[in-house]
Amino acid sequence: MTTATTTLAQAEEALPTGATDAVGGGRRPRRGRGRESDDTRRINWWATALIAVCSLTVLIPLYLAVVVALKTPDQLVSGTGFEWPNPVNWGNFAEAWQRTNFPQALTNTALITVGSVVFTLLTSSIVAYALARNIHRPFFKGVFFYLLAALFIPFPIIMLPLVKQTAILGLDNQAGMIVLYTIYGLSLNVFIYTAYIRSIPIELEEAARVDGASTWRVFWQVIFPLLAPMNATVGILTCVWAWNDFIMPLVVLTDPAARTLPLAQYVFQGQFNTEYTTAFASYLMAMAPLLIVYIFSQRWVISGVTRGSIK
Amino acid sequence: MSTLTQAVRTSTTGGTKRGRAARNRVETRRAMPAFYWMVWPAVIAFAAFHTLPVIIGIFFSFTNYAGYGAWNFVGLSNYANLFRDDRVLAAYGFSFLFAIVATILTNVISLAIALGLNAKIVGRNFFRGVYFVPYVLAILVIGYVFQFFFSNSLPKILSGIPLFRDNLLTSPDWAWTAIVVLAVWQACAFAIIIYLSGLQTIPGELYEAASLDGAGAWRQFRSITFPLIGAFFTINVVLSLKGFLQVFDPIVSLTNGGPGTSTESVTLLIFRGGFSGGEFAYQTANAVIFFIVITVVSLFQFRVLQRREADF
């Protein structure tokens with residue numbers, strides 16, 4: 001097992017720059033990882049200034065969300081919205097907590113997201129493994145292209161019939177959302193996984209097979225642990241999608257008690273569209289969980305997403 | 001078959017690993033049953049929840065089903081009516097205008113920022129992290145913040161300009177630009193990361209050689225950088241155009257299709273007509289056309305853009 005892990009470490013090391021192999025003829029470019037130290041260029045202050053100024057466009061909307069959420073309606077009316085409130089009004093959060101039924105929406109979203117990620121990781125990887133190892137057989141090749149072709153189908157064409165179908169099957173709830181995210185993610189995830197699985201040497205499996213391990217056992221004990229980097233990638237993509245998705249919960253979920261966070265903001269906005277201060281507190285609370293997770297795992301998230309998009 | 005196996009076995013004396021793998025592949029023509037068990041449930045589930053709705057949708061597009069009650073076959077009349085419906089044509093016009101402008105802006109801006117992040121700058125990892133923040137935010141929710149900005153802050157800040165003073169979002173001619181701002185703001189996060197990883201695949205020696213030959217910064221970009229990140233450019237352009245054509249969330253949060261129906265996208269029209277307008281069959285026909293349009297556009301783009309890519 002230790003050899004397998006070292007192979008994995010090497011594989012992972014090579015992977016972010018793996019895309020270059022096709023271009024650079026297998027030669028690892030000098031400016032790959034750890035370029036911070038061997039980058040001998042002079043610091044480019046012009047670029048630094050420009051990048052810093054442009055990054056304000058990202059930060060200003062977030063700042064606006066925070067300051068509006070900290071104001072009373074009276075403080076808001078008088079200015080443009082950007083002024084720092086004095087005194088700060090924390091009451092909006094308590095009010096939003098209650099009026100949007102925040103705990104319920106948070107629970108729903110968390111449940112759907114965690115469920116989708118777990119099921120996606122377990123199912124997509126198994127399917128991808130079977131496909132990757134048998135891609136020379138017509139049946140598996142056919143399935144692979146069947147799933148791939150689905151990437152071209154836009155959601156609007158499924159939307160209307162799907163709503164009827166989920167209602168008939170009793171899946172117009174949180175469980176149904178988990179099922180749908182798991183299935184609809186399959187196309188892209190299988191695509192991401194298979195490319196990686198095919199780079200895992202088949203000898204690793206054969207050693208286990210010779211020792212009498214079944215295909216399932218080989219998968220769980222040899223392959224699945226080796227998939228860690230791809231599991232991270234697929235997990236991040238699924239998590240962000242399930243947490244922030246709006247259109248699918250909007251059309252599928254019927255019970256108000258099943259509302260997700262984005263859906264709760266939509267409903268609240270529709271009912272009280274001028275109560276900005278309370279609404280903004282609610283928006284902040286809806287965005288905060290994922291934002292906080294991102295801040296603490298920023299490098300890991302970015303490298304995960306990058307790995308999934310360049311192959 | 002057994003002679004072939006025999007030949008493989010004898011030719012690789014010593015029974016190397018490769019020989020064993022080759023023999024396995026020849027011996028078992030059918031895959032092990034476990035592999036079929038791994039794939040079948042997923043295929044069935046996918047067919048039931050993805051392919052089946054597509055087929056049902058196509059089926060109902062030939063009927064006059066309103067979403068409830070009885071229905072009859074009407075042949076191709078839904079399709080014929082689509083091409084005469086001003087609201088549908090306007091939605092396609094809006095979607096394409098929006099998608100093309102947003103795609104160009106997203107790619108120009110994110111390529112510029114990726115170049116900046118790829119230069120030697122102070123706090124590169126910090127800024128890279130900042131630019132990726134919009135990716136983890138729900139576009140609907142941050143869209144409401146933008147909506148406040150356009151309707152309440154901007155009229156006070158730029159009170160000298162009539163267009164902004166009167167609330168950009170209520171202008172039938174210009175409300176779409178606000179949607180472009182929001183959509184580009186979010187889409188750049190992902191595009192920057194892809195461009196950045198593309199830029200990091202270019203060996204530094206190329207630039208050194210080019211500057212020895214006296215090539216300036218613009219010349220280096222045009223002759224080295226841009227051709228070498230061609231694949232990343234293709235991916236970004238195709239993905240962003242496909243995504244922008246299906247725009248939904250930014251519109252809901254900013255204008256909800258208004259004023260009037262001036263910012264109604266195809267997806268929004270299908271959603272509204274199909275669920276509350278009693279046009280189930282009609283809008284599924286619209287969705288079928290939309291699917292064909294998106295597929296054709298994507299394939300066409302791949303064709304055109306891939307021809308321009310360069311290799312080492």
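**Note on the predicted two-chain model**

1. Chain A contains 17 helices and zero strands; helices (H or I, at least four residues) and strands (E, at least two) are DSSP runs numbered from the N terminus. This is a predicted model, in which local features need pLDDT of at least 70 and side-chain atom pairs count only at pLDDT 80 or more, while totals for chains, interfaces and linings use all residues. Residues are numbered from 1 along each chain as its sequence is written, and chains are lettered from A and ligands numbered from 1 in the order in which they are written.

2. Of the 311 residues in chain A, 41% are buried (20 or more other C-beta atoms within 10 Å of the residue's own, with C-beta atoms placed from the backbone). Among chain A contacts between residues at least 6 apart in sequence, 74% join residues at least 24 apart; a contact requires C-beta atoms, placed from the backbone, within 7 Å.

3. The largest nonpolar core has 164 residues, and A:Val127, A:Leu131, A:Tyr283 and B:Ile192 touch the most other members. Such a core is a set of buried Ala, Val, Leu, Ile, Met, Phe, Trp, Tyr and Cys residues joined through C-beta atoms within 7 Å. Beyond four places in sequence, A:Leu131 has contacts that include A:Phe140, A:Phe144 and, from the other chain, B:Val39.

4. Helix H5 (residues 86-118) of chain B packs against H9(B) at an angle of about 40°, with the axes 6 Å apart. Axes are lines fitted to C-alpha atoms, for helices over the stretch in contact, and angles run from 0 to 180 degrees between N-to-C directions. The angle makes H5(B) oblique to H9(B), oblique being what remains after under 35 degrees (roughly parallel), over 145 (roughly antiparallel) and 65 to 115 (roughly perpendicular). By class, this contact has 24 nonpolar, four polar and no charged residues; Ala, Val, Leu, Ile, Met, Phe, Trp, Tyr, Cys and Pro count as nonpolar, Asp, Glu, Lys and Arg as charged, and the others, Gly among them, as polar.

5. Between the chains, 77 residues of chain B are in contact with 88 residues of chain A. H3(B) gives the most to the chain B side, with 14 residues. That side has 53 nonpolar, 17 polar and seven charged residues.

6. B:Phe290 lies in helix H15 of chain B and is buried, with 25 other C-beta atoms within 10 Å. Leaving aside neighbours within four places in sequence, B:Phe290 is in contact with A:Pro154, A:Pro156, A:Ile157 and B:Val266.

Note on methods
A residue is buried if 20 or more other C-beta atoms lie within 10 Å of its own, exposed if 12 or fewer, and partly exposed in between; C-beta atoms are placed from the backbone. Two residues are in contact if their C-beta atoms, placed from the backbone, lie within 7 Å.
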